[in-house]
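Dear colleague,

Please find the structure below, handed over for your records. My notes on what was found in it follow directly after.

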Amino acid sequence: MKATGIVRRIDDLGRVVIPKEIRRTMRIREGDPLEIYTDREGEVIFKKYSPIGELTSFAGQYADTLNKICGISVIIADRDAVIACAGLPKKEFAERKLSGTLESIMENRALYQYNGLEKVPAIEDNERHYISCAMPILSESDIVGCVASIRVIGENGRAASDANPPETECKLIQTAASFLGKQLEA
């Protein structure tokens, strides 16, 4: 554990303020759930809680199925990082932070489709892969993550297909996002 040197007092209602710098660094937004841990030495640890993280194994199986049956490269992410991928190098994608643009797409709460112009990266520091289509995962009207199909940019700087994603690909991504959202509500 790393000390920050920041000290905060607990108020009369038992609240403590997490400093803005830490919230920004850890990407903690207003309303984000935090899980509380304690240990035998008396330490209290706050950890960001990812509801979809509970479905990591299931999400991985769903991504594998989409990839094997439909030939779509897929990532499934919580609000911050990739939790499952298929058809892509796991070393490059597993647990990697999402790009700011993908976070904005999730905030829009609607299907995103590549328009043939601007290639949007799925994760930070990766310009070789871009989003074909993406759909936020909503659970009880809260954004908990997203499902996205990914295309690879070849050595010539172009993708195998620079066309807009087929309607069936977008419908499959929407179906996956809706299904995972319903699993969290159950």
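Helices (H or I, at least four residues) and strands (E, at least two) are DSSP runs, numbered from the N terminus. The model is predicted, and for that reason local features need pLDDT of at least 70 and side-chain atom pairs count only at pLDDT 80 or more, while totals for chains, interfaces and linings use all residues. Residues are numbered from 1 along each chain as its sequence is written, and side-chain values use heavy atoms, with hydrogens and water left out.

Overall organisation

The protein chain holds 5 helices and 7 strands. Read from the N terminus, its elements follow the order α-β-β-α-β-β-α-α-β-β-β-α. The C-alpha trace spans about 60 × 40 × 30 Å along its principal axes. Of the 186 residues, 38% count as buried; buried means under 20% relative accessible area, exposed over 50%, and partly exposed in between (1.4 Å probe, protein chains only). Taking contacts (heavy atoms within 4.5 Å) between residues at least 6 apart in sequence, 51% join residues at least 24 apart.

The largest pocket

A pocket is found on a 1 Å grid over the protein atoms alone: it is an open set of points where a 1.4 Å probe fits, with protein on both sides within 12 Å along at least five of seven lines, and its lining residues have an atom within 4 Å of a point. Grid points are joined across faces, edges and corners, and the volume is the space filled by probe spheres set on the points. On these terms, the largest pocket contains about 1,500 Å³ of space. It is lined by 45 residues, of which I22, M26, I28, F46 and K47 are the closest to its centre. At least two lining residues come from each of α1 (20–25), β1 (34–38), β2 (44–48) and β7. The largest share, 5 residues, is supplied by β2.

Helix α4

Helix α4 covers residues 100–107, and L102, E103, I105 and M106 within it are buried. These four lie on the same side of α4, because they cover an arc of only 155° around the axis, the arc being that of the directions from the helix axis to the C-beta atoms. The buried residues of α4 pack against β3 (73–77), β5 (112–113), β6 (129–139) and β7 (142–152). Just after α4, R109 adopts a positive phi of about 60°.

Aromatic and charged contacts

There are 3 aromatic pairs in the structure. Rings of Phe, Tyr and Trp (its six-membered ring) pair if their centres lie within 6.5 Å; planes under 30 degrees apart count as stacked, over 60 as edge-to-face and the rest as tilted. One of the pairs is F58 with F179, which is tilted, at 5.8 Å centre to centre and 35° between the planes. Since F58 belongs to helix α2 (residues 56–70) and F179 to helix α5 (residues 167–185), this pair ties together parts that are 121 residues apart in sequence. F58 is partly exposed, with a relative accessible area of 30%, and F179 is partly exposed as well, at 33%. Y62 and F179 form another tilted pair, at 5.7 Å centre to centre with 35° between the planes. That pair also links distant parts of the chain, with Y62 in helix α2 and F179 in helix α5, 117 residues apart.

Separately, the charged end of K119 sits over the ring of Y130, 5.3 Å from its centre. A charge sits over a ring if NZ of Lys or CZ of Arg is within 6 Å of the ring centre and within 35 degrees of the ring normal.

Loop residues

D125 is not a glycine, yet its phi is positive, at about 60°. D125 is placed in the loop between β5 and β6, and with 74% relative accessibility it counts as exposed. E140, likewise a residue other than glycine, has a positive phi near 50°. E140 lies in the loop between β6 and β7 and counts as exposed at 57% relative accessibility. In the loop between β1 and β2 lies D39, which counts as partly exposed at 27% relative accessibility. The C-alpha atoms of D39 and G53 are separated by 22 Å, the two residues being 14 apart along the chain.

With kind regards
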